[in-house]
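This report describes one protein chain.

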Amino acid sequence: MSEKPRICDYGDSTYRQDFWEGQGRAYEDAVERRVLKGMLPTRGRRLLEIGAGFGRITNEYEMFEQVVLLDYSLEQLQFARATFGDEGYVYIAADAYRMPFRPGVFDLATMIRVIHHFENVPAVLGQIRSVLADNGKFILEYANKRNLKSMLRHLFGFNQWNPYTLDPVEFVELNYNFHPDYIYDQVTRLGFDVLRAVPVSWFRLGLLKRALPTQFLAALDGALQRSGCNLSPSVFLELQLPGLAPSDMIADIEDALAILRCPISGAALSRDGHALVSESGIRWAVRDGVYDFRQPLA
């Protein structure tokens, strides 16, 4: 893809209130947290949460010494910062196609309910691969094109797209569903080993969610997750890079600037008041404790 990819920007939208809080998605939240907890280590040094938004699941990463939240929306990150504070957390407003990090500085990355907003999946996954250390892990959730509902709709002629073809389908602007084989091909090309694939959210139907208790549905979902049958609307992948874990991760946890680099020049950054300045002279804003790498300062 030669043109610059489009970017999904929630900006100062009311996504948190309109989509999550009190919107009947307690079941989805519960099953996603359950799977995530099962894939996380008992302790870790530095984690990158890509598409962190307002920090819906950030509290699951407390076993890490440092958690870096990356999102394109400054406003969503400001809400997350008001929730979690600065101790142990770093907030980055940036384009995930152009991440402002040194190579190999994270031992784990997560991307949950996010990859469906990217039209150039290989480019984003390549960025993630570059910032992970040897033996680093990546937890990826994707929207499954080949799920039971879409297969039935296709059988009866209701779908405008084929759930069995490998190409991603954009069903709403910058909202994609992916075939499992397409995602598998993308991650293995980058050298990731697939440790586990967990099908999630089998009961994502309003009628069921209203009729049955959330924890009961979550328990049923947990039973189907062990089936290994990737026909659910959502799939979690536990991925790992080859190599030995580095004995000393790059950069002091207390020095956030040590893991950052200018996303344009690749140069190191230094603090200058309310800005970061690269060795090549490019300046980036620091806004309310959030490092803003979306556009350089004039």
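E279 counts as exposed because its relative accessibility is 67%, where exposed means over 50% relative accessible area, buried under 20% and partly exposed in between (1.4 Å probe, protein chains only). The residue sits in the loop between β11 (275-278) and β12 (283-287). Helices (H or I, at least four residues) and strands (E, at least two) are DSSP runs, numbered from the N terminus. Leaving aside residues up to four places away in sequence, E279 touches A267 and A268, a contact being heavy atoms within 4.5 Å. Its C-alpha atom is separated by 20 Å from that of I92, 187 residues apart along the chain.

The model is predicted: local features need pLDDT of at least 70, side-chain atom pairs count only at pLDDT 80 or more, and totals for chains, interfaces and linings use all residues. Residues are numbered from 1 along each chain as its sequence is written, and side-chain values use heavy atoms, with hydrogens and water left out.

**Overall fold**

The protein chain has eight helices and 13 strands. Its radius of gyration is 19 Å, close to the 19 Å that the globule rule gives for 298 residues, so the chain is as compact as a globular protein of that length. The radius is taken over C-alpha atoms, and the rule is 2.2 Å times the number of residues to the power 0.38. The C-alpha trace spans about 60 × 40 × 40 Å along its principal axes. Of the 298 residues, 51% are buried. Among contacts with a separation of 6 or more, 66% come from residues 24 or more positions apart.

R113 is in the loop between β4 (106-111) and α4 (121-131) and counts as buried at 16% relative accessibility. L174 lies in the loop between β6 (169-172) and β7 (175-177) and is buried at 7%.

At helix α5 (residues 148-155), N147 caps the N-terminal end, with a side-chain oxygen 3.0 Å from the backbone nitrogen of K149. Just after α5, G157 takes a positive phi of about 80 degrees. L155, in helix α5, is exposed at 61% relative accessibility.

**Salt bridges**

The structure holds 20 salt bridges, each a side-chain nitrogen of Lys or Arg within 4 Å of a carboxyl oxygen of Asp or Glu. Three of them are listed here.

| Pair | N to O distance |
|---|---|
| E119 and R6 | 3.0 Å |
| R6 and E173 | 3.8 Å |
| E65 and R45 | 3.5 Å |

E119 and R6 form a salt bridge; E119 lies in the loop between β4 and α4 and R6 in the segment before α1 (15-20), so the pair ties together parts that are 113 residues apart in sequence. E119 is partly exposed at 21%, and R6 is partly exposed at 33%. R6 also meets E173 in a salt bridge, and this pair links the segment before α1 with the loop between β6 and β7, 167 residues apart. E173 counts as exposed, at 59% relative accessibility.

The bridge between E65 and R45 links strand β2 (residues 64-71) with strand β1 (residues 44-50), the two residues being 20 residues apart. Salt bridges that share partners join D29, E32, R33, K37, R56, E60 and R113 into one network.

Terms used:
A polar contact is a pair of N or O atoms within 3.5 Å; within protein, one must be able to donate a hydrogen and the other to accept it, and residues adjacent in sequence count only if both atoms are side-chain atoms.
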